[in-house]
Structure formats: C-alpha cells, structure tokens
Amino acid sequence: MSSRSKEKVVSTFRKIFKGDNERSDETTDGKTVDKSAAAASKTVNDSNAESPGKRMRRQENKIKPQQNGLKTAPDLNIRARRLMKEYKEIQKIQNSKKDPIFTVELINDNLYEWYVRLHVVDPDSKLAKDMVELQIPFILLHLVFPDNFPFAPPFMRVVEPHIEKGYVMDGGAICMELLTPRGWASAYTVEALLIQFSASLVKGQGRIMKKNRNTKEFSRRGAEEAFRSLVKTHEKYGWVTPSLSDG
C-alpha cells in the first residue's frame with residue numbers, strides 16, 4: 001500500500017472515531033457532559049422523585065389543620081367564671097333576706113362542689129308538714145359540677161333527710177330529665193334547677209321517711225349507680241312523667 005493510500009485510511013478512521021465521540025459527548029457552555037452518565041443520573045433522580053399523588057397529599061397536609069387539633073380540652077375558665085358569678089349572686093340574695101328559700105356552701109372551699117340547703121318547700125304540702133313535725137330545718141343537697149359545665153348538667157343528690165317518692169330514688173338520686181345531658185341547657189342556672197327540684201318534690205308527693213333499722217342510708221355511690229340506671233332506662237323508653245301514685 002502506498003503512503004498516499006495509508007493516509008486516506010488513517011483519515012477515514014479519524015473521522016469515524018470523531019463522530020462517535022461527538023454523539024456520546026455534548027458540550028454546553030464549554031463543559032462536556034457524558035450522555036450515558038446524565039441518563040444514569042436521571043434514572044436515579046426519577047426513582048427518588050415523589051409521585052403526583054404523594055406530592056399532592058404532602059401539600060394538603062401543609063395546608064389542612066391536624067384533625068386532632070379540633071378536639072380541644074374543656075375550657076375550665078368558663079366553668080370557673082360561671083360558677084363564681086352564680087355563687088356570688090346566690091350569696092347576695094341569701095344575705096339580703098331574713099329567711100331565704102335556700103342557702104349554698106362550698107365544700108372544703110371547692111368552687112366545683114356545693115352543699116345546698118333547701119329551707120322552704122310548698123307550705124301546703126305534706127312534705128312541709130313533715131319537716132315541721134320532725135323538726136327538720138332543711139333538705140340537704142350535694143352538687144358536683146363537671147369540667148364541661150355549664151354545657152353539661154351538675155350531678156345532684158339528696159343527702160338528708162331520707163325522702164321517699166318525690167322523684168327521689170335509691171341512694172338519694174333524683175329522677176329529673178333536667179339533670180341529664182338530653183334535658184340540660186347551658187342557660188339553666190343553679191337557682192332554676194333548685195326551684196324545679198322543689199316543685200318536683202311536691203308534685204311527686206315526697207314524704208320524709210322516719211328512720212328505722214331497715215332504712216338504707218343515702219350515699220354518693222348509691223346515688224350515682226341509681227342515677228346511671230334510671231338514665232339508661234329513660235333513654236330506652238323515653239322520659240314520661242309517672243303518675244303521682246308511683247312517686
């Protein structure tokens with residue numbers, strides 16, 4: 001092969017290799033980029049990228065408030081303000097009258113637990129005559145106010161004397177729809193509750209039971225159990241006022 005032929009062959013091979021290098025490499029702003037390396041990098045990035053659905057859910061979580069945040073604890077300040085206001089008003093009334101219908105007392109200085117003494121009921125009722133005859137100056141009530149008061153009713157029971165009928169149940173529990181979440185409204189006051197209770201005692205023909213060996217003392221535990229039972233019964237059959245003969 002002549003020297004001129006050799007030069008043509010060499011020139012041809014150079015053109016072939018130069019074309020391959022240009023196809024495999026790209027130059028951008030003076031920088032050479034390997035296409036095969038760029039493709040591999042793109043594959044890795046694509047595998048780590050979020051799917052459209054995942055990315056959308058992530059964005060929604062940034063915007064939407066947490067569901068758990070909707071469940072807030074009861075505002076105890078509302079309960080305290082409401083009870084302090086009512087307690088002061090009742091104190092003002094009972095201090096301005098010589099013979100108040102009822103008086104209140106905090107138990108161990110606890111704003112959320114009261115003793116209420118009901119001094120006066122309908123004077124024409126048999127219950128009022130029993131109180132005079134047995135020299136009982138008042139009916140003692142125990143009230144406990146829950147954390148979510150006034151949006152939930154207080155628990156109220158009779159402590160003494162031992163009353164039969166008058167919608168007073170075992171343990172001193174009181175059968176009144178007003179004392180249940182279904183019958184309660186935040187606008188009701190303690191004073192309104194006591195007036196309603198006094199009326200129900202007379203309407204139900206309440207009488208004071210004379211103590212004997214078989215008399216079961218009222219207790220908080222007994223009242224709570226009896227109240228839960230009667231509420232469960234009334235929720236099933238409805239709150240229908242019984243006849244007076246049933247107490």
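Begin by selecting W114, I139, L141, L143, M156, V158 and F197, the residues with the most contacts inside the largest nonpolar core, which has 47 residues. A nonpolar core here is a set of buried Ala, Val, Leu, Ile, Met, Phe, Trp, Tyr and Cys residues joined through side-chain atoms within 4.5 Å. Colour next the elements that each supply at least two residues of this core: α4 (76-96), β3, β4, α5 (126-133), β5, β6, α6 and α7 (220-237). Helices (H or I, at least four residues) and strands (E, at least two) are DSSP runs, numbered from the N terminus.

The model is predicted: local features need pLDDT of at least 70 and side-chain atom pairs count only at pLDDT 80 or more, whereas totals for chains, interfaces and linings use all residues. Residues are numbered from 1 along each chain as its sequence is written, and side-chain values use heavy atoms, with hydrogens and water left out.

Select residues 102-107, which form strand β3. Five of these six residues are buried, so the strand is largely enclosed by the rest of the structure. Buried means under 20% relative accessible area, exposed over 50%, and partly exposed in between (1.4 Å probe, protein chains only).

Two strands are taken to pair if DSSP finds at least two bridges between them. Within this pairing, V104 stands opposite V116 in β4. The two strands form a hairpin with two residues between them, and N108 in the turn has a positive phi of about 55°.

**Two cis peptide bonds**

Move to P150, in the loop between β5 (139-144) and β6 (155-160). The peptide bond that leads from F149 to P150 is cis, with omega near 10°.

Proceed to P161, in the loop between β6 and β7 (163-164). Here a cis peptide bond joins E160 and P161, with omega of about -5°.

Select K165, in the loop between β7 and α6 (190-203). The phi of K165 is near 60°, a positive value in a residue other than glycine. K165 is partly exposed, at a relative accessible area of 38%.

End at Y167, which also lies in the loop between β7 and α6. Its phi is near 65°, again positive in a residue other than glycine. With 7% relative accessibility, Y167 counts as buried.
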